[in-house]
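Trainee: Can we go through this one together? I'd like to start with the sheet.

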Amino acid sequence: MSDVNFRELRHAPAMPVNFAKAVMRARVKPGKNPQLPNVGLRLNDVGLDAGHLAAYRKVCGFSDDGRLPVTYPHIHAFPLHMALMMEDGFPFPAMGLVHVRNSITQYRPIAEREQLNIKCYLGNLTQVEKGYEFSICTVVSTGGERVWASESVNFFRGGGSGVKADKGSRGTPEPVTDAIEWKVPGNTGRRYGAVSGDRNPIHLYPLTAKLFGFKRQIAHGMWSKARALGQLQHELPEEAFTVAVQFKVPMFIPATVKFAREEKDGGLDFRVVAKDGVKPHLTGQLRPA
């Protein structure tokens, strides 16, 4: 990160502007040797709005404990993520990307009244079997102390290596038994989009989702992660921890899904699966950092 060319922003990029630019860049092609721009964005002294925080807690299932939900800083970083993907020289169209993995490290709980300094930059770019994966990294500090960091990995389909990665022998997962059932309403994408700014059409209505090849709207991956951590809120450590998730089969909404967790390797493994108890929407691991 030391050689990243950071540009300081006076305010968060407007999401409608980001999406308008994304539409204009819809025909961008990566070429034979894509490279990520060596740029980053910095936004300081981000104050938190109590009404917005309350709306986020409500849609994601967090209770009010005087601290920021562990996924909440992502909401303030996301406009910077979008702006990075609008930079000159960025090789992929933002509208064609799939969020495949996300990892968050919280170094300590963050109080509601703390102001956040946010830095985002483009990380690794890797050619995979069916396309490319690249990461967007975020570091959040307050009062000069690093309190939160994340890596979001996105996938672009096309131009892949054709070489299958060795994923080892995983076998068929056992159906969940001791699980909590969630009812996910069809307006979840619209409600989460209102608080996150991510109003990608695939999350909003059946008609808008069908324009992009989906049979109806799907839940945001980061909503699924937030909802899982809302379920685990009172089990989260006080000390530093990392929570990583892998987004699997899209969750078409409305839906009935199941959440299961188990203690493992000094932490927790958890998953969100379809009503059949098998088909995975999200798998996650929480471990000490």
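Mentor: A term to begin with: two strands pair if DSSP finds at least two bridges between them. Strands (E, at least two residues) and helices (H or I, at least four) are DSSP runs numbered from the N terminus.

Trainee: How many bridges join β2 to β4?

Mentor: Five, and β2 (residues 39–46) runs antiparallel to β4 (residues 116–128). G40 stands opposite Y121 in β4.

Trainee: What packs on the sheet there?

Mentor: Helix α3 (residues 72–84), which touches β1, β2, β4, β5 (131–142) and β6 (145–157). Its direction makes about 55° with that of β4. Contact means heavy atoms within 4.5 Å; axes are lines fitted to C-alpha atoms, for helices over the stretch in contact, and angles run from 0 to 180 degrees between N-to-C directions.

Trainee: What are the ground rules for the model?

Mentor: The model is predicted, so local features need pLDDT of at least 70 and side-chain atom pairs pLDDT 80 or more, while totals for chains, interfaces and linings use all residues. Numbering starts from 1 along each chain as its sequence is written, and side-chain values use heavy atoms, without hydrogens and water.

Trainee: New topic. Is R57 buried or exposed?

Mentor: Buried, at 7% relative accessibility; the cut-offs are under 20% for buried, over 50% for exposed and partly exposed in between, with a 1.4 Å probe and protein chains only. R57 is in helix α2 (residues 50–60).

Trainee: Which residues does R57 touch?

Mentor: Leaving out residues up to four places away in sequence, R57 touches F62, S63, D64, D65, G66, R67, P69 and E112. A polar atom of the R57 side chain lies 2.8 Å from the backbone oxygen of R67.

Technical notes. A polar contact is a pair of N or O atoms within 3.5 Å; within protein, one must be able to donate a hydrogen and the other to accept it, and residues adjacent in sequence count only if both atoms are side-chain atoms.
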